[in-house]
Amino acid sequence: MLRKNTFSLLESEVRSYPRNFPCMLDRARGTELVDVNGRRYLDFLAGAGSLNYGHNNPVLKSALIKYIERDGITHSLDLHTAAKERFIEAMWCAILKPRKLDYVIQFTGPTGTNAVEAAMKLARKITGRTNIITFTNGFHGVSLGALAATGNKHHRKASGVPLQGTTVMPYDGYLGANIDTVQYIERLLDDPSSGVDLPAAVILECVQGEGGLNVARAPWLRRLKAMCEARDILFIVDDIQAGCGRTGTFFSFEEAGIHPDIVTLSKSLSGYGLPMAVVLIKREFDVWKPGEHNGTFRGNNHAFVTAAAALEHYWQTSKFTDEIAAKGEHLRRRLQRMEGRFGPHIRDTRGRGMMRGITCVDPAKADEIGARAFADGLIIERCGPHDEVLKCLMPLTTPEAELDEGLDILEQAAETVFRVSKAFEARSPKGISANPAPARIAVIARSTGASASKSTGIVKPGKAAVTRASGKKSRGQNGQLSA
Ligand SMILES: Cc1ncc(COP(=O)(O)O)c(C=O)c1O
């Protein structure tokens with residue numbers, strides 16, 4: 001009895017993801033999730049990008065089990081522990097040293113927004129300036145400082161106080177591919193009468209995760225970095241979602257060949273879904289006084305254990321990077337094929353590495369496709385200012401067969417929603433022949449035999465599935481509407 005209503009009776013209305021994915025999850029391994037009724041789902045959301053190595057990754061799990069069984073410390077404030085030392089050493093040996101990045105590591109409270117708060121605070125302390133340049137469609141968290149750097153109106157409105165100390169500038173491509181927004185920013189900063197205060201820092205994502213999978217081009221990043229250097233403005237990359245291999249390299253900025261002054265990491269850093277966040281700080285900028293920025297939960301040793309295991313296992317050689325490149329390319333081709341098939345309904349294919357998606361011209365169709373895909377066993381989230389981008393964020397370890405299985409579900413859902421006929425495909429200006437399909441693609445007509453259960457809120461495939469279960473307006477983490 002209680003199970004039926006537990007969440008609606010006792011959990012705050014602020015809950016978000018279960019509104020789009022009304023199921024009661026129980027177990028998970030790799031890219032597979034299983035609910036309490038034994039129904040299997042493929043996970044293309046991966047804990048909003050916090051499970052790059054998949055659910056219950058066996059390498060990480062075995063390290064964690066061993067650590068727990070020998071009564072390794074779970075929580076340690078920021079006291080020194082063997083687990084923390086091993087993580088720092090793994091970070092240095094596998095990531096920082098090979099990339100010639102002379103960063104020190106600040107351990108903050110365990111969520112992404114904690115790291116962003118610390119990074120912004122540090123930039124202000126170093127420079128003695130207040131203003132921080134942020135970018136259109138950026139998402140950096142929902143605590144007050146980070147929220148001031150976040151674009152999303154829904155989240156901003158909830159702040160209850162004025163959000164201050166930031167100036168928003170157009171991201172790369174925001175005003176069109178041919179408009180150089182760095183030049184625009186430069187002009188404003190160099191004009192003493194522009195009304196824009198010289199900032200302490202710029203903060204940006206190299207690929208905007210929640211804001212719509214917008215990719216900053218490498219030359220734009222390099223010019224922005226040079227512009228900052230010339231004016232003693234710190235360059236902060238928020239790699240909380242795009243980092244840890246998501247875009248193909250460990251850091252998203254590697255492609256551009258730049259070295260940010262400050263980097264924030266969280267989400268997939270622990271690799272096991274355990275809360276953990278850090279700020280990487282160029283050594284010369286580590287001006288913190290002891291304990292000046294602190295917090296109780298800066299010592300999640302279980303997270304240190306799994307993070308070290310992930311770095312040691314996946315990042316000592318280029319094997320994992322090569323795998324991400326191959327899968328990312330496959331993902332790109334399959335999404336482009338969908339763009340070709342569904343022509344006018346899809347604006348573009350976007351993203352980088354294994355952080356890619358398709359943009360629906362009509363956001364309501366994206367919602368419908370997501371709901372239909374869920375009914376057919378795929379968990380996929382949307383992003384972008386209008387929730388118009390269907391975002392593939394599967395674990396980087398997803399086997400090829402499951403990658404294709406999930407993409408088949410997505411493509412089938414799009415086909416149903418757009419009601420594509422052969423005649424439509426022939427008429428489409430971006431017809432299928434313009435985008436040759438990769439060899440292994442086959443659209444599978446799926447059986448939707450899952451049993452509907454009111455008690456668990458599971459939606460009946462092909463019927464209630466295309467409307468949201470609660471009937472209320474709801475929003476995902478990125479704050480966009482879903483009905
Ligand atoms: C780029 C980026 N920064 C910061 C955050 C905030 O992280 P958290 O939700 O753990 O506070 C997110 C969350 O999605 C993010 O994508």
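Start by selecting Leu221, Leu224, Lys225 and Cys228, the buried residues of helix H10. Buried here means that 20 or more other C-beta atoms lie within 10 Å of a residue's own, exposed means 12 or fewer, and partly exposed is in between, with C-beta atoms placed from the backbone. These four sit on the same side of H10, because they cover an arc of only 100° around the axis, the arc being that of the directions from the helix axis to the C-beta atoms.

Before moving on, a word about what is on your screen. This is a predicted model, in which local features need pLDDT of at least 70, side-chain atom pairs count only at pLDDT 80 or more, and totals for chains, interfaces and linings use all residues. Residues are numbered from 1 along each chain as its sequence is written.

Now show all of H10, residues 218-230. Helices (H or I, at least four residues) and strands (E, at least two) are DSSP runs, numbered from the N terminus. H10 has 13 residues and reaches 18 Å from its first C-alpha to its last, close to the 18 Å expected at 1.5 Å a residue; the expected span is 1.5 Å times one less than the number of residues. Turn to the other side of H10 to find Pro219 and Ala230, which are exposed. After H10 comes Asp232, with a positive phi near 55°.

What covers the buried residues of H10? Select helix H9 (181-190), strand S7 (201-204) and strand S10 (234-238), which are among the elements that do. Within H9, pick Gln183. Gln183 is exposed, with 11 other C-beta atoms within 10 Å. From Gln183 to Leu224 the C-alpha distance is 8.9 Å, although they are 41 residues apart in sequence.

Next, visit Leu213, in the loop between strand S8 (207-208) and strand S9 (214-215). Its phi is positive, near 55°, in a residue other than glycine. Leu213 counts as buried, with 27 C-beta neighbours inside 10 Å.

Then go to the ligand. Of the 16 residues around the ligand, Gly112, Thr113, Gly141, Ile240 and Gln241 come nearest; a residue is near if its C-beta atom, placed from the backbone, lies within 6 Å. Helix H6 (residues 112-127) gives the largest share of this shell, three residues.

Finally, colour by pLDDT, the predictor's confidence in each residue, from 0 to 100. The protein's mean is 89, and 86% of its residues reach 70 or more. Over residues 431-483, the pLDDT is below 50. Where pLDDT is low, the predicted coordinates should not be read in detail.

Technical notes: Contact = placed C-beta atoms within 7 Å.
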